[in-house]
Amino acid sequence: MALTLYVDTARWRAHHKHVQEQFPGLVPVCKGNGYGFGHERLAEEATRLGSDVLAVGTTYEAARIKDFFGGDLLVLTPYRRGEEPVPLPDRVVRSVSSIDGVYGLVGARVVIEVMSSMKRHGISEQDLPQLHAAIENVRLEGFAIHLPLDRTDGSDAVEEVIGWMDRLRAARLPLHTMFVSHLKADELARLQQQFPQTRFRARIGTRLWLGDHEATEYRGAVLDVTRVVKGERFGYRQQKAASDGFLVVVAGGTSHGVGLEAPKALHGVMPRAKGVARAGLATVNRNLSPFVWSGKQRWFAEPPHMQVSILFVPSDASEPKVGDELVAHLRHTTTQFDRILDR
């Protein structure tokens with residue numbers, strides 16, 4: 001009995017090919033928990049796509065994945081002096097976002113990140129005059145720019161990249177390759193047309209692995225079902241059942257990421273109102289679970305346990321049976337499955 005990730009493999013891979021066709025030179029990204037699939041599986045899929053580069057989040061991830069992917073590994077987290085040394089092969093390329101970082105990587109293969117409107121990290125325009133000397137002792141693989149997902153000010157992503165291309169060109173820095181993130185296919189094509197001597201390579205994770213929502217599905221197996229009557233006590237905290245129904249023990253708890261939720265940016269009145277309503281219910285121990293039974297998301301009977309969750313299903317719904325599987329609406333990047341099944 002397990003929390004299972006089911007994958008419609010043919011459909012999933014067809015989506016990969018579609019994205020690859022839209023973004024020539026695509027660099028797949030495999031970081032964190034491997035977007036819910038794990039590093040080994042995504043390394044296999046990147047190899048299947050014929051990718052020559054796979055981007056990872058950290059040097060620790062590069063060390064784990066190097067035995068599963070034979071091409072170059074691009075570490076996205078910028079190098080900082082004093083970081084813990086991790087033994088890595090020469091095919092690992094480091095990102096740098098400061099002049100000091102470039103000087104600290106003598107002889108290494110590097111991609112230099114420029115500061116975008118994200119304001120996260122990157123070389124500034126004022127740093128450019130110092131780059132000429134700094135890059136003499138590294139093997140420069142290209143520049144990179146990480147763009148925001150939303151542009152609420154109405155600005156143009158392509159224009160932001162063009163601005164940096166012009167600055168780099170004016171500084172007489174090599175522009176053979178530019179790695180970009182969060183561009184649309186038509187935006188990438190516009191850039192490639194305007195700068196034919198530069199190879200633009202899109203680093204893509206979410207859109208590649210999770211872009212087809214119908215290709216994957218989490219399901220938790222029912223382990224036990226116990227009938228309860230209104231007022232009967234149950235669980236760790238011995239709270240009372242609010243009405244007659246069933247306590248359903250289903251595979252999937254906090255160790256799987258069930259009950260964990262990344263903060264979301266809310267736009268508009270209705271999403272904000274719903275957020276306030278959920279917060280209000282939570283104060284009286286009413287929390288909606290990600291598990292679905294008989295067409296409805298069911299409430300947690302109590303906070304999820306380490307490896308299972310206990311749900312309350314009212315008596316007017318059909319009784320789940322041991323061995324049934326409940327669809328679970330879980331976020332891939334915060335979920336750890338027990339098993340993955342291709343179908």
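The second largest pocket holds about 960 Å³ of space. (A pocket is an open set of points on a 1 Å grid over the protein atoms alone, with protein on both sides within 12 Å along at least five of seven lines; lining residues have an atom within 4 Å of a point.) A volume is the space filled by probe spheres set on the points, and points are joined across faces, edges and corners. This is a predicted model: local features need pLDDT of at least 70, side-chain atom pairs count only at pLDDT 80 or more, and totals for chains, interfaces and linings use all residues. Residues are numbered from 1 along each chain as its sequence is written, and side-chain values use heavy atoms, leaving out hydrogens and water.

**Second largest pocket**

- The lining has 35 residues, and Lys-31, His-146, Leu-149, Ser-181 and His-182 lie nearest the centre.
- By class, the lining residues are 13 nonpolar, 12 polar and 10 charged. (Ala, Val, Leu, Ile, Met, Phe, Trp, Tyr, Cys and Pro count as nonpolar; Asp, Glu, Lys and Arg as charged; the others, Gly among them, as polar.)
- Strand S9 (199-204) and helix H8 (206-210) each supply at least two lining residues.
- S9 gives the most, with 3 residues.

**Cavity**

- The whole structure has 1 cavity of 30 Å³ or more. (A cavity is a set of grid points where a 1.4 Å probe fits but cannot get out.)
- About 40 Å³ of space lies in the largest cavity.
- Its lining consists of Glu-113, Val-114, Met-115, Ser-116, Met-118, Arg-120, His-121 and His-146.
- These lining residues divide into 3 nonpolar, 3 polar and 2 charged.
- His-146 is in the lining of the largest cavity and is also one of the residues nearest the centre of the second largest pocket.

**Overall build**

- The protein has 9 helices and 18 strands. (Both are DSSP runs numbered from the N terminus: helices are H or I, at least four residues; strands are E, at least two.)
- The C-alpha trace spans about 75 × 45 × 40 Å along its principal axes.
- Of the 343 residues, 47% are buried. (Buried means under 20% relative accessible area, with a 1.4 Å probe and protein chains only.)
- Among contacts between residues at least 6 apart in sequence, 66% join residues at least 24 apart. (Contact means heavy atoms within 4.5 Å.)
- The accessible surface comes to about 17400 Å², with 52% belonging to carbon and sulfur atoms. (Areas come from the Shrake-Rupley method with a 1.4 Å probe; for residues, only the protein chains shown count as cover.)

**Strand S6**

- Strand S6 (residues 109-114) has 6 of its 6 residues buried, so it is largely enclosed by the rest of the structure.
- Arg-109, Val-111 and Glu-113 point one way; Val-110, Ile-112 and Val-114 point the other way.
- S6 pairs with strand S5 (residues 92-96) in the parallel sense over 3 bridges. (Two strands pair if DSSP finds at least two bridges between them.)
- S6 also pairs with strand S7 (residues 139-146) in the parallel sense, over 6 bridges.
- Val-111 is the bridge partner of Ser-95, and Gly-142 in S7 is the bridge partner of Val-111.

- Leu-5 sits in strand S1 (residues 3-7) and counts as buried at 0% relative accessibility.
- Leu-5 and Leu-188 are 183 residues apart in sequence and 33 Å apart in space, C-alpha to C-alpha.
- Thr-9 belongs to helix H1 (residues 9-22) and counts as buried at 11% relative accessibility.
- Leaving aside neighbours within four places in sequence, Thr-9 is in contact with Arg-41, Asp-342 and Arg-343.

Methods. Buried means under 20% relative accessible area, exposed over 50%, partly exposed in between (1.4 Å probe, protein chains only).
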